[in-house]
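Have the structure open beside you as you read along.

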Amino acid sequence: MISNFRPNIFLPSRAFGVAMEFKQCIVVREDLKLSAGKLAVQVAHAAVLALERADKSMTSSWKSEGQKKVVLKVPGVQDLFRLREEAERAGLPSALVADAGLTEIPPGTITALGIGPAPIKQMDRITGKLSLL
C-alpha cells in the first residue's frame, strides 16, 4: 500500500461554466502516413516544445482552463514551415519537431508543429482553416 498516494484529479474551469480563452494547436503532416503510436509521440513532442516557449502567465491561464489542444493536419512539410512563419510574425510560441529517425522515418524529418498556448482568436487567424486530424 502506498501511504501518501493522492490521485491527480484535474477539474478544469470550464466545468464551472467559464468560457475558454486559450488553446494550443498541434499540426501534423498527412503525407508521412505515420503509425498511430509514432503520430502520438510526434504530437506530444510538439505540444511540449511549444509550451516551453510560451509566456508563463499565458501558460498558467491555459492550464487553469483545462489545457485545450487541437490536432490539425496539413498536406506536407512546406505547410508546416509556412504556418510557423505566420505564428512567429504574430508573436505566438511555436516549435517544429524533427524526428530522430530511429523507427519509421529518416533522421531530421520534420513531422509536426506546435503553436501556443495562446488566445483562441489569435490561433484561429493562423490555423482556423485547417482540418482536424
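I started with Gln-67, which counts as partly exposed because its relative accessibility is 29%; partly exposed here means between the two cut-offs, with buried under 20% relative accessible area and exposed over 50% (1.4 Å probe, protein chains only). Gln-67 has a positive phi of about 60 degrees, although it is not a glycine. I placed Gln-67 in the loop between helix 2 (56-64) and strand 2 (69-74).

A note on ground rules before I went on. This is a predicted model, in which local features need pLDDT of at least 70 and side-chain atom pairs count only at pLDDT 80 or more, while totals for chains, interfaces and linings use all residues. Residues are numbered from 1 along each chain as its sequence is written, and side-chain values use heavy atoms, with hydrogens and water left out.

Next I turned to Lys-33. Lys-33 is not a glycine, yet it has a positive phi of about 55 degrees. I found Lys-33 in the loop between strand 1 (22-29) and helix 1 (36-52). Is Lys-33 buried or exposed? Lys-33 counts as exposed, because its relative accessibility is 68%.

Then came the peptide bonds. Which residues does a cis peptide bond join? I noted Gly-116 and Pro-117, with omega at about 20 degrees. Pro-117 belongs to strand 4 (residues 110-119).

I also checked Ser-94, which lies in strand 3 (residues 94-98). Ser-94 counts as buried, because its relative accessibility is 5%. What does Ser-94 touch, leaving aside residues up to four places away in sequence? I listed Ala-50, Arg-53, Arg-84, Ala-87, Glu-88, Leu-113, Gly-114 and Ile-115; a contact means heavy atoms within 4.5 Å.

Last, I stepped back to the whole protein. I counted four helices and five strands, and from the N terminus on they run β-α-α-β-α-β-β-α-β. Of the 133 residues, 38% are buried. Taking contacts between residues at least 6 apart in sequence, I saw that 75% join residues at least 24 apart. The protein exposes about 8,000 Å², and carbon and sulfur atoms supply 56% of that area. Accessible areas come from the Shrake-Rupley method with a 1.4 Å probe, and for residues only the protein chains shown count as cover.

Key
Helices (H or I, at least four residues) and strands (E, at least two) are DSSP runs, numbered from the N terminus.
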